[in-house]
Amino acid sequence: MAGSKVKEYKLFLDQHPDVSGIDLLIADLNGVVRGKRVVPSALEKVYKNGVYFTTSLFALDINGDTIEETGLGIVQGDGDSTCVPIPKTLSTTPWHKQTMGQLLLTMVDDNNQPVFANPRHVLNQVIDRFKGLQLTPVIAVELEFYLLDARRDRNKRPQPPISKTTGKRENNTQVYAINDLDDYGDFLSGVSAAAQEQGIPADTAVAENAPGQFEVNLKHEADTLSACDNAILLKRLIKGVAQQHGMKATFMAKPYTDLAGNGMHIHMSLLDEKGKNVFSSPKDSTGSATLHHAIGGLLETMNESMAVFCPNTNSFKRFQPQLFVAMAPTWGVDNRTVAIRIPTGPEEAKRLEHRISGADANPYLVAAALLSGVHYGITKKIIPHKISTGDANKDNPPSLPLNLFESLNTFKHSAFIKEYFGEDFSNHYHIFKSVEMERFNKHVTPLELDWYLRTV
């Protein structure tokens with residue numbers, strides 16, 4: 001066992017002698033955190049030998065049922081693989097009543113090689129491609145979410161929480177509203193304090209476009225794996241702090257029919273070996289040729305990646321006019337109606353913002369698709385089509401695959417996806433999501449009963 005690993009868990013236990021349990025966590029294919037709870041004394045064994053989880057964890061649908069069609073379930077005996085600690089993710093969980101800890105893991109096989117179905121491994125393979133370009137990706141993840149009343153309304157629909165400050169249920173839609181931040185100041189302070197305690201680099205909190213909707217931003221990191229680890233942990237943190245305050249938090253892409261959806265926006269730049277931002281160009285407000293090639297690659301591969309950016313049937317309900325979600329592969333400067341935005345800012349901080357993904361997507365896979373598109377564009381020197389100004393949706397008719405069936409079909413037949421994600425993983429993901437979609441589509445919804453039960 002490496003000295004740094006010994007130091008990490010021993011230092012943690014020395015600093016928190018009252019900790020009563022440790023949650024061992026791993027994100028599945030949907031980005032859902034699963035795991036087991038162990039006593040503190042088990043940490044030494046976990047750090048020395050790892051801990052066993054069933055490999056079929058990467059075949060669990062959103063309800064936790066195994067999708068046997070993937071071949072990871074009973075057909076292979078539902079065997080185990082080793083999960084090992086991810087450095088610097090051991091921390092306390094301050095939203096619990098008693099002192100608890102958590103540790104993020106990743107899964108490897110008997111030869112200590114990453115399991116092919118592990119999304120974190122897929123991302124790491126894509127990151128390795130940038131070493132050949134002598135470039136380092138820098139990313140920051142922004143997550144939108146809704147705070148909800150712990151109870152649904154009389155029709156079993158979600159509803160905004162009642163503000164402890166005003167005693168009223170949220171009903172305004174004032175973006176950047178400071179009053180909203182004040183009304184939920186205790187919750188937001190709890191998120192900030194918990195993030196600081198866990199070493200998660202959370203930055204700005206913003207009130208968003210709907211009652212009870214907020215966005216918390218993570219700071220830029222030159223370690224993409226760490227940035228996505230922190231996105232996974234931030235989602236758990238926000239849900240935990242919300243529960244501590246008598247509310248629920250959801251990252252569901254579209255929990256309300258008539259309100260804005262929850263997005264996952266990712267900001268990205270590239271640094272050369274000297275730490276210079278290669279997207280910067282003092283002579284061109286739209287950035288360097290490298291940035292243009294990166295955008296060109298993202299636009300050209302966007303259709304093929306939609307099954308990753310929008311992994312659920314509900315994901316596509318975000319795509320509506322006037323809700324700042326692009327429905328075609330578009331780009332622009334300081335324009336929130338496009339798919340790829342170049343934000344305003346200092347030239348040395350020139351970056352792109354990817355605005356397509358829902359907050360329900362798996363951060364590892366979204367980042368893998370994003371970096372794959374950028375790498376493809378740079379190596380192929382792809383020139384993006386005409387820049388969009390004004391409302392991009394008016395000038396660019398919807399052309400993205402805007403339902404799960406079509407997006408999965410495009411994903412399945414993509415040579416680009418197979419090249420960057422690996423054929424084994426690509427096939428696995430397609431089978432997994434197709435079966436999950438079929439299971440969802442078999443259900444008769446309350447709306448169907450309301451519309452058709454008596455009238456047809």
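This is a short tour of the structure, stop by stop, with something to select at each one.

Before you click, note that this is a predicted model, where local features need pLDDT of at least 70, side-chain atom pairs count only at pLDDT 80 or more, and totals for chains, interfaces and linings use all residues. Residues are numbered from 1 along each chain as its sequence is written, and side-chain values use heavy atoms, with hydrogens and water left out.

**Stop 1: strand 1**

Select residues 21-27, which make up strand 1. Helices (H or I, at least four residues) and strands (E, at least two) are DSSP runs here, numbered from the N terminus.

Now bring in the neighbours. Two strands count as paired if DSSP finds at least two bridges between them. Strand 6 (residues 100-108) runs parallel to strand 1 over five bridges, and there Gly21 stands opposite Met100. Strand 2 is joined to strand 1 by six bridges in the antiparallel sense, with Leu25 opposite Gly35. Strands 1 and 2 make a hairpin with five residues between them, and Gly31 has a positive phi near 85 degrees.

**Stop 2: Asp23 and its partners**

Which residue forms a salt bridge with Asp23 at 2.5 Å between the closest N and O atoms? It is Arg37, a salt bridge being a side-chain nitrogen of Lys or Arg within 4 Å of a carboxyl oxygen of Asp or Glu. Asp23 in strand 1 and Arg37 in strand 2 (residues 33-38) are 14 residues apart, so the pair links distant parts of the chain. Asp23 counts as buried because its relative accessibility is 5%, whereas Arg37 counts as exposed at 54%.

**Stop 3**

How many salt bridges does a search of the whole structure find? The count is 15. Select Lys350 and Glu347 for another one, with the closest N and O atoms 3.5 Å apart. Lys350 is buried, at 8% relative accessible area, while Glu347 is partly exposed, at 23%. Then select Asp334, Arg341, Glu353 and Arg355, which are linked in a network of salt bridges.

**Stop 4: the hairpin of strands 8 and 9**

Select 202-207 and 213-218, which are strands 8 and 9, paired antiparallel over four bridges. Ala207 faces Phe214 in strand 9. Five residues lie between the two strands of this hairpin, and Gly212 in the turn has a positive phi of about 80 degrees.

**Stop 5: positive phi in loops**

Two residues other than glycine are next. Asp78 has a positive phi of about 50 degrees and lies in the loop between strand 3 (51-54) and strand 4 (80-85). Asp78 is partly exposed, at 38% relative accessibility. For Asn112, phi is near 65 degrees; find Asn112 in the loop between strand 6 and helix 3 (119-129). Asn112 is exposed, with a relative accessible area of 54%.

**Stop 6: helix 8**

Select 363-380, the 18 residues of helix 8. From first C-alpha to last, helix 8 reaches 25 Å, close to the 26 Å expected at 1.5 Å a residue; the expected span is 1.5 Å times one less than the number of residues. Of its 18 residues, 16 are buried. Where helix 8 starts, a side-chain oxygen of Asn362 comes to within 3.0 Å of the backbone nitrogen of Tyr364. After helix 8 comes Lys381, with a positive phi near 50 degrees.

**Stop 7: a nonpolar patch**

Finish on the surface with Leu447, Trp451, Tyr452 and Val456, a nonpolar patch with about 490 Å² of accessible area together. Patch members have over 30% relative accessible area and no salt bridge; like charges are joined within 9 Å, and nonpolar side chains (Val, Leu, Ile, Met, Phe, Trp, Tyr) within 5 Å. Areas come from the Shrake-Rupley method with a 1.4 Å probe, and for residues only the protein chains shown count as cover. Tyr452 lies in helix 13 (residues 446-452) and is partly exposed, at 43% relative accessibility.

Methods: Buried means under 20% relative accessible area, exposed over 50%, partly exposed in between (1.4 Å probe, protein chains only). A polar contact is a pair of N or O atoms within 3.5 Å; within protein, one must be able to donate a hydrogen and the other to accept it, and residues adjacent in sequence count only if both atoms are side-chain atoms.
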